[in-house]
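Thanks for coming, everyone. Please have the sequence and the model open while I talk. I'll go through the structure piece by piece.

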Amino acid sequence: MPTPDFIIELRKSIGHSLLWLTGVTAYVRDDAGRVLLGRRSDTGQWALVYGIVEPGEQPADTAVREIKEETGVDAVVTDLVAVTSSDRIVTYGNGDQAQYMDHSFLCSLRPGGNAQPFVGDEESLQVGWFAVDDLPSPLAASTVERMAVFRDYLERREHGDRAAIFRGGR
């Protein structure tokens, strides 16, 4: 579902006014080290899996749910990579405005689960696994930014530092 019901209800009261939301981004890797991406139907750009946390939902559960809904892939969260906020205001085509605090999660395939991606909902045109050094284009700007955060985290993790990144930015 592109817009969660709770946001539709809020918009009835606040119209297009700025809404602060909690989001998640999932960087899903398969056993070959490829990353799962979807080509978004709203922009035509390739992006990491992301979504909005529903009221009362745990952010890690949101990541797993969004991965399954958008790509059909069964995943598990392995690491909290970053919690970041942006001062960028997103204005959607209908005029709605939002800002996000994003929880970025590193995910792997759930043992015994589905690893073959397929378009799971109307948010995606295509989905697939891609080598990190051979990503499709165009990539969404937010995915370019978040991929850099994941690369930084994965490099530090190789040297024993599994601390999540906490910072704001553009």
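Start with Ala75, which lies in strand β5. Helices here are DSSP runs of H or I with at least four residues, strands are runs of E with at least two, and both are numbered from the N terminus. Ala75 is buried, at a relative accessible area of 5%. Buried means under 20% relative accessible area, exposed means over 50%, and partly exposed is in between, with a 1.4 Å probe and protein chains only. Now find Ala63. Ala75 and Ala63 are 12 residues apart in sequence, and their C-alpha atoms are 8.8 Å apart in space.

Before I go on, the ground rules. This is a predicted model, where local features need pLDDT of at least 70 and side-chain atom pairs count only at pLDDT 80 or more, while totals for chains, interfaces and linings use all residues. Residues are numbered from 1 along each chain as its sequence is written, and side-chain values use heavy atoms, with hydrogens and water left out.

Stay on β5, which covers residues 75-86 and also holds Val81. Val81 has 0% relative accessibility, so it counts as buried. Between Val81 and Asp161 there are 80 residues along the chain, and their C-alpha atoms are separated by 11 Å.

Now the whole protein. It has 3 helices and 9 strands. From the N terminus, the order is α-β-β-β-β-α-β-β-β-β-α-β. The radius of gyration is 16 Å, close to the 15 Å that the globule rule gives for 170 residues, so the protein is as compact as a globular protein of that length. That radius is taken over C-alpha atoms, and the globule rule is 2.2 Å times the number of residues to the power 0.38. The C-alpha trace spans about 45 × 35 × 30 Å along its principal axes. Of the 170 residues, 41% count as buried.

Next, aromatics. How many aromatic pairs are there? The count comes to 2. The rule takes rings of Phe, Tyr and Trp (its six-membered ring) with centres within 6.5 Å; planes under 30 degrees apart are stacked, over 60 edge-to-face, and the rest tilted. Tyr27 and Phe150 are stacked, at 4.7 Å centre to centre and 25° between the planes. Tyr27 sits in strand β1 (residues 19-29) and Phe150 in helix α3 (residues 141-158), so this pair ties together parts that are 123 residues apart in sequence. Tyr27 and Phe150 are both buried.

The other pair is Trp46 and Phe130. These rings are edge-to-face, 5.1 Å centre to centre, with 70° between the planes. Trp46 is in strand β3 (residues 46-47) and Phe130 in strand β8 (residues 124-130), so to speak distant parts of the chain, 84 residues apart. Trp46 and Phe130 are buried too.

Arg146 lies over the face of Tyr50, 5.8 Å from the ring centre. The test asks for NZ of Lys or CZ of Arg within 6 Å of the ring centre and within 35 degrees of the ring normal.

Back to helix α3, where Val149 has its place. Val149 is at 15% relative accessibility and counts as buried. Ser104 is 45 residues away in sequence from Val149, and the two are 8.9 Å apart, C-alpha to C-alpha.

Two loops now. Pro138 lies in the loop between β8 and α3. The peptide bond from Ser137 to Pro138 is cis, with omega near 0°. Gly33 lies in the loop between β1 and β2 (35-40). Is Gly33 buried or partly exposed? Gly33 is partly exposed, at 32% relative accessible area. Gly33 and Ala131 are 98 residues apart in sequence and 7.1 Å apart in space, C-alpha to C-alpha.

Last, the inside space. A search of the whole structure finds 1 cavity of 30 Å³ or more. On a 1 Å grid over the protein atoms alone, a cavity is a set of points where a 1.4 Å probe fits but cannot get out, and lining residues have an atom within 4 Å of a point. The largest cavity holds about 30 Å³ of space. Volume here is the space filled by probe spheres set on the points. Its lining includes Arg40, Glu70 and Ser124.

Definitions and conventions:
1 Å grid on protein atoms, 1.4 Å probe; cavity = no way out; pocket = protein on both sides within 12 Å on 5 of 7 lines; lining within 4 Å.
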